[in-house]
Amino acid sequence: MSLDDTIETVLQKVLQRIRPTEEERAFVEGLMRELEGIARDTIESLDLDVKPYFVGSLAKDTYLAGDHDVDLFLAFPLDTPLEELRERGLELGRAIAERLDSHEVAYAEHPYVRATYRGVKVDLVPCYDVKSWRDVRTAVDRSILHTKWVLDNLRGKNDEVRLLKRFLKGINAYGSEIYVRGFSGYLAEILVIRYGSFLKVLESADFMLRQKVIDPGNWLKREHETAMKTVGREAEADRPLIVIDPVDPRRNVAANLSWEKYGIFYFKSTQFLENPSEEFFFPMNRKIDNYLSELRRKGTHLVALLFEAPELVDDVLLPQLERSARGFERALSREGFNVLGWNVGRKSGKAFIMLEVDRRERERVTIKPGPEFFTERGRDFYLKNERVWLVGKRLFAEKNVKDDIVEVIAELLEKNQVATGKSIRENIRNAEITLDYVPKDLEDEAYLFLSREKWNLKG
């Protein structure tokens, strides 16, 4: 069998698993009709001038089998004051959700209602009824325009989008959330529309990176000055891709895409085209070994900080954990330890920061440079230190330091000398600090981190 035939066989097998069945489609379409009817009845009962719009992958028919999350946007007139939109939008969302199965209030740029109905998640999001990018007032307003643009331009390539989405999920590069920083569903749709198919997107991985700017809406001609401001800003921020939003020249659709996630896509695209397999779409579980064996193999040590995870969504918590891990990396470096890598996350209600370090102890004595001997600070230095000597006009002293890394971290936290996430600072100060040990439910995570299998491009 030729390589092309093998690729085609693999893609057909994958499509059988990710393409919604006719029965599933009927369920989704019936669900959306019911929700629209409930929304319209509720809007009428509250005497509001609001239009319901379905957005997202269900509305565009680019959803994967089994993935039925509904995004129902409640569009208010443009002359509605923002505070009124927030208040009435939340009131309307709650009123609709009262007729569903369960609900809660969630928060993004403004409050919205997250509900469930017939086993499906339903987000009820207030927005403005925008007709063009010039009308956009809030971050969510563009979703209506995104859905319309995709529906106008997809032209039957729905399954190609499904393949790309599933591929990105399989290689762990899907999702534009700040803690993922991968490809969004909308970006996947744009790339398929721009390049024509799933395979052509993969074949263009290197070209896209070198081309840098993708402009499917032709904004560089239509709104040159605005589009160039976007290009300049995003180029300065060193994004791997600049995809000018086809509905808004001010926005880079790939703004949240990290170099790491694009790099994964870059390598995995080549690997698939050379050696196609369903495992790219549906990876097998990675082999897990013992993390203590990995430490012995490498001769390194593992420090873990474990603490109660605050009630924060992952979009907020994980960036704060990452900021804190970088803070420990810098602080320990100043103290003479080399941090070889870090890992963060949340598990079983606990947040964790893992640090791989080169050693568990450091020298007991260091040489401490001081000020010039004839200054006021020089006098203080002379009085505070036991062994003091001069080199030229500068004072020097021996400094006794704690040698155990756990004690060093505890002292750094006590003296507030680690830059940590603001919302988790107190939690970290009260963290349990372990050395070369993690609880049982983190053993697999520790191995994947220490072995780098968590990020291994060849895995």
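What volume does the second largest pocket have? In this predicted model, in which local features need pLDDT of at least 70, side-chain atom pairs count only at pLDDT 80 or more, and totals for chains, interfaces and linings use all residues, the second largest pocket has a volume of about 1,800 Å³. Residues are numbered from 1 along each chain as its sequence is written, and side-chain values use heavy atoms, without hydrogens or water.

A pocket is an open set of points on a 1 Å grid where a 1.4 Å probe fits, with protein on both sides within 12 Å along at least five of seven lines; lining residues have an atom within 4 Å of a point. The lining comprises 44 residues, and Asn172, Lys261, Ile264, Lys454 and Trp455 lie nearest the pocket centre. Strand S9 (339–347) is among the elements that supply at least two lining residues each, and S9 gives the largest share, seven residues. The lining divides by class as follows.

| Class | Lining residues |
|---|---|
| Nonpolar | 19 residues |
| Polar | 10 residues |

Asp129 is located in the loop between strand S5 (120–128) and helix H5 (142–153). Asp129 counts as buried because its relative accessibility is 11%, the limit being under 20% with a 1.4 Å probe and protein chains only. Its side chain forms a polar contact (N or O atoms within 3.5 Å, one able to donate a hydrogen and the other to accept it) of 3.5 Å with the side chain of Lys51.

Buried residues make up 47% of the 459 residues in the protein.

Conventions: Grid points are joined across faces, edges and corners, and a volume is the space filled by probe spheres set on the points. Helices (H or I, at least four residues) and strands (E, at least two) are DSSP runs, numbered from the N terminus. Ala, Val, Leu, Ile, Met, Phe, Trp, Tyr, Cys and Pro count as nonpolar, Asp, Glu, Lys and Arg as charged, and the others, Gly among them, as polar. Buried means under 20% relative accessible area, exposed over 50%, partly exposed in between (1.4 Å probe, protein chains only).
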